[in-house]
Each structure stands twice: as C-alpha cells, then as structure tokens.
Amino acid sequence: MLERLQRLVLDALALLVIALMLCIVVQVAANALGRATLVEFGRVLPLLGAAVSINALMELQWHLLTLVGLLPAAIVWSMDRHVRVDFLYGAASERAKHGIELAGHLIFTLPFLCFATLAGWAFAERAFEIGERSRDGGLVDRYLIKGVIPLSLGLLILVVAADMVRQARALVRGR
C-alpha cells in the first residue's frame, strides 16, 4: 500500500516536470512574439493573480522546480535511494552499516533538517504575514510555495526518525 502511494506521488511529480517544460516553452514562445501578458482573468485568482504573464510563467517554473525537488525527498529516503558516504559505507559489515547510518542521522541529518525546517517555517510565515507577492506582474500568494519547504523537510524528518528506529533496532539485534 505504501509503495503504491509512493509510486502515485512520484508519477504525479513526473507530470509536474512535464508542466515545467511546457512553462518554459510557452514563456520562450511568448517572449519571441513580444507578448508580456498571455491571459487576463476578470478577477484575482489564488497564486496566479489577475493575469498570466511572462514573469508569472518564469516564477511558476521556480515553483514547479521547488515541488519536484523537495516533495520527493521523503519518498526517496524511505526507498533507501538517498546519498551517503559510500567509501565508508560500502566495505563495512552489515552491523557497521547500521551504526554508520544511525551516527550520520544523529550527527548530520537530523540537526540540519531541524534547523532548515524551522528556518523554512519562518520564511513561509513571513511571506504569509506580509502578503508577499511578485513585484513584476508574476505570481501572488508566495507563502504557498514557501510553505512547501517546511512541509517537505518535516516529512523528511519523520522518515529519518523512522529510519533511525529501524537502524537502532538492527544495531542492537546485531543485524
């Protein structure tokens, strides 16, 4: 069930990569045609504002890149596809591998994620409080995309904590 959900999320994020490429193509084409505004709405829409402009497409590219880059981090970690220091890890015994993983999580991963999550929360909170938006006719409601940072890192903290429990159990049991 969990693997199926992971696959579904990763497939959805793959669609966002296609959307990212489309944003780039449309922005380049609109720029070549000299069109600054592509679509105007009769009212202000969440995230998009009153219109879709070249600047909005450029900012949307960054937003999509943020989603594609940060959201799968917890899934990648849970699938054991994350980066580690292989020159230490590769030649170690199974028990030593669990010790290396646990030490790395405690010394490097968890402290970094905790600080980054708190900073990301403050970053998103400030954007919400001041109603941050693009100054150049781009996207509005910047807190939405900035909120992805603490959300993604918070999910990653949960996955790392679960992995730490698994590593500690394996270390204690000797396998």
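User: Hi! Quick one to start: where does Asp141 lie?

Analyst: Hi! Asp141 lies in the loop between α5 and α6. One thing to keep in mind as we chat is that this is a predicted model.

User: Got it. And what is the phi of Asp141 like?

Analyst: Its phi is positive, about 55 degrees, although Asp141 is not a glycine.

User: Is that residue buried or partly exposed?

Analyst: Asp141 counts as partly exposed because its relative accessibility is 22%, and buried would mean under 20%.

User: Which other residue has a positive phi although it is not a glycine?

Analyst: Asp80 is one of them, with a phi of about 60 degrees. You'll find Asp80 in the loop between α3 and α4 (86-89). At 41% relative accessibility, Asp80 also counts as partly exposed.

User: Which residues of α7 are buried?

Analyst: The buried ones are Val148, Pro150, Ser152, Leu153, Leu156, Ile157, Val160, Asp163, Met164, Gln167 and Ala170.

User: Nice. What covers the buried residues of α7?

Analyst: The cover includes α2 (54-70), α3, α5 (94-129) and α6 (142-146).

User: Can you pick one of those residues, say Val148? What does Val148 touch?

Analyst: Leaving out residues up to four places away in sequence, Val148 touches Thr66, Leu67 and Leu71. Val148 has a relative accessibility of 9%, so it counts as buried. Val148 and Leu71 are 77 residues apart in sequence, yet their C-alpha atoms are 7.6 Å apart in space.

User: Switching to α2: how far apart are its end C-alpha atoms?

Analyst: They are 24 Å apart, which agrees with the 24 Å that its 17 residues should span at 1.5 Å a residue.

User: And which residues are buried there?

Analyst: In α2, the buried residues are Ile54, Ala56, Leu57, Glu59, Leu60, Gln61, His63, Leu64 and Leu67. Their cover includes α1, β1 (37-45), β2 (49-53), α6 and α7.

User: Which residues does Gln27 contact?

Analyst: Gln27, found in helix α1, is in contact with Ile54, Leu57, Met58 and Gln61, setting aside its neighbours within four places in sequence. Ile54, Leu57 and Gln61 are also among the buried residues of α2. Gln27 itself counts as buried, because its relative accessibility is 15%.

User: What lines it?

Analyst: The lining is made of Leu2, Leu5, Gln6, Val9, Leu71, Ala74, Ile75, Ser78, Leu155 and Val159. Those residues divide into eight nonpolar, two polar and no charged.

User: Which helices supply at least two of the lining residues each?

Analyst: They are α1 (2-32), α3 (73-78) and α7 (148-173). The largest share, four residues, comes from α1.

User: Ala74 is in that lining. What does Ala74 touch?

Analyst: Not counting residues up to four places away in sequence, Ala74 touches Leu155, Leu156 and Val159. Ala74 is found in helix α3, and its relative accessible area of 8% makes it buried. Ala74 is also 68 residues from Gln6 in sequence, with 9.7 Å between their C-alpha atoms.

User: Last one: how many disulfides are there?

Analyst: The count comes to zero.

User: Are Cys23 and Cys114 buried or partly exposed?

Analyst: Cys23 is buried, with a relative accessible area of 9%, whereas Cys114 counts as partly exposed at 35% relative accessibility.

Note on methods
Residues numbered from 1 in each chain as written. Predicted model: local features only at pLDDT ≥ 70, side-chain atom pairs only at ≥ 80, totals over all residues. Heavy atoms only, no water. 1 Å grid on protein atoms, 1.4 Å probe; cavity = no way out; pocket = protein on both sides within 12 Å on 5 of 7 lines; lining within 4 Å. Nonpolar A, V, L, I, M, F, W, Y, C, P; charged D, E, K, R; others polar. Buried < 20%, exposed > 50% of the residue type's maximum accessible area, 1.4 Å probe, protein only. Contact = heavy atoms within 4.5 Å. Disulfide = S-S within 2.5 Å. Expected span 1.5 Å × (residues − 1).
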